[in-house]
Amino acid sequence: MDIRIFKNEAEIGAAAGKLFCDFVNEKPDCVLGLATGATPVPTYNYIAEQYAAGKVSFKDVKTFNLDEYCDLPKTHKNSYYTFMIENLFSKLDLNLDNVGFLDGNAADPEAESARYAADIASKGGIDIQLLGIGRNGHIAFNEPADEFTGESHKIKLTDSTIEANSIYFDDIPMPRYAMTMGIGSIMKSKKIVLIATGASKAEAVKAMINGPVTPQCPASILQQHEDAVIFLDEAAASLL
Ligand code: F6R
């Protein structure tokens with residue numbers, strides 16, 4: 001693991017955003033794996049600024065997102081698809097036909113998982129995957145469990161995740177299920193960039209980096225990835 005510590009989330013946004021822009025400039029038709037949540041917003045803002053300044057183009061880039069809630073219309077204001085449109089896609093020259101998303105309303109989650117894996121493989125696999133981390137060590141929605149997960153699947157969210165994310169749901173109850181890429185799918189990414197900011201992530205960061213590789217802390221699997229870069233602010237790194 002390549003661990004980089006920054007003062008605050010603004011510095012991380014610039015550093016991680018630059019890493020992604022440099023990557024796209026080097027490989028303009030690359031495949032990006034993207035995350036939602038509060039953590040990547042400064043990174044997405046930096047990328048959008050670079051695009052607005054004419055420093056990078058996403059017209060041939062393909063993207064795949066990590067996860068999507070179940071039982072929520074794709075265009076609901078709280079869907080992860082809407083999050084990506086609002087926070088990134090609408091600010092770039094990205095072709096929406098090149099945007100891959102899990103269908104949280106798929107009648108057959110297994111068939112949906114197979115479709116997603118085939119779609120990713122047909123584009124050559126994910127070149128660089130952006131991740132956040134949950135307070136319980138989850139990555140995507142792979143919650144602490146007895147075994148590491150494989151490919152995409154439907155998952156019941158834990159109380160910790162529901163507590164953390166329900167602040168975004170002011171009109172309807174937060175969904176209890178999600179479709180998520182599995183640990184196996186994430187580990188196939190050629191490069192992984194995980195960002196963690198804030199003291200609430202410090203315990204999970206410590207377990208990810210210094211703890212044993214265990215499905216009880218799903219992010220700990222990244223110790224076994226050949227090219228995982230971890231961006232931390234001082235608060236998230238405070239227990240290392
Ligand atoms: C989101 C995702 C989640 C988040 C994690 C941290 O696509 O996969 O694993 O990265 O829950 O969320 P924030 O960034 O809101 O603290």
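A word on the ground rules: the model is predicted, so local features need pLDDT of at least 70 and side-chain atom pairs count only at pLDDT 80 or more, while totals for chains, interfaces and linings use all residues. Residues are numbered from 1 along each chain as its sequence is written, and side-chain values use heavy atoms, with hydrogens and water left out.

Let's start with the ligand. Around the ligand there are 13 residues, and Thr 39, Asp 67, His 138, Ala 140 and Lys 201 come nearest; "around" here takes a heavy atom within 4 Å. By type, that shell holds five nonpolar, six polar and two charged residues. Charged covers Asp, Glu, Lys and Arg; nonpolar covers Ala, Val, Leu, Ile, Met, Phe, Trp, Tyr, Cys and Pro; the others, Gly among them, are polar.

In Thr 36, a side-chain N or O atom is 2.8 Å from an oxygen of the ligand. Ala 38 uses a polar backbone atom instead, 2.9 Å from a ligand oxygen. The ligand alone exposes 400 Å², and the protein buries 91% of that (Shrake-Rupley areas, 1.4 Å probe).

On to the strands, which are DSSP E runs of at least two residues, numbered from the N terminus; two of them pair when DSSP finds at least two bridges between them. Seven strands make an open, parallel sheet in the order β1-β10-β9-β6-β2-β3-β5. At its edges are β1 (2-6) and β5 (99-100), each pairing on one side only. Inside that order, β2 (residues 31-34) and β6 (residues 128-131) pair in parallel over two bridges, with Leu 32 partnered by Ile 128 in β6.

What about β8 (residues 177-180)? β8 pairs antiparallel with β4 (residues 67-69) over three bridges, and Asp 67 stands opposite Thr 180 there. Recall that Asp 67 was also listed by the ligand. β8 also pairs antiparallel with β7 (residues 153-156), over four bridges, where Ile 155 faces Ala 178.

Thanks, everyone!

Methods. A polar contact is a pair of N or O atoms within 3.5 Å; within protein, one must be able to donate a hydrogen and the other to accept it, and residues adjacent in sequence count only if both atoms are side-chain atoms.
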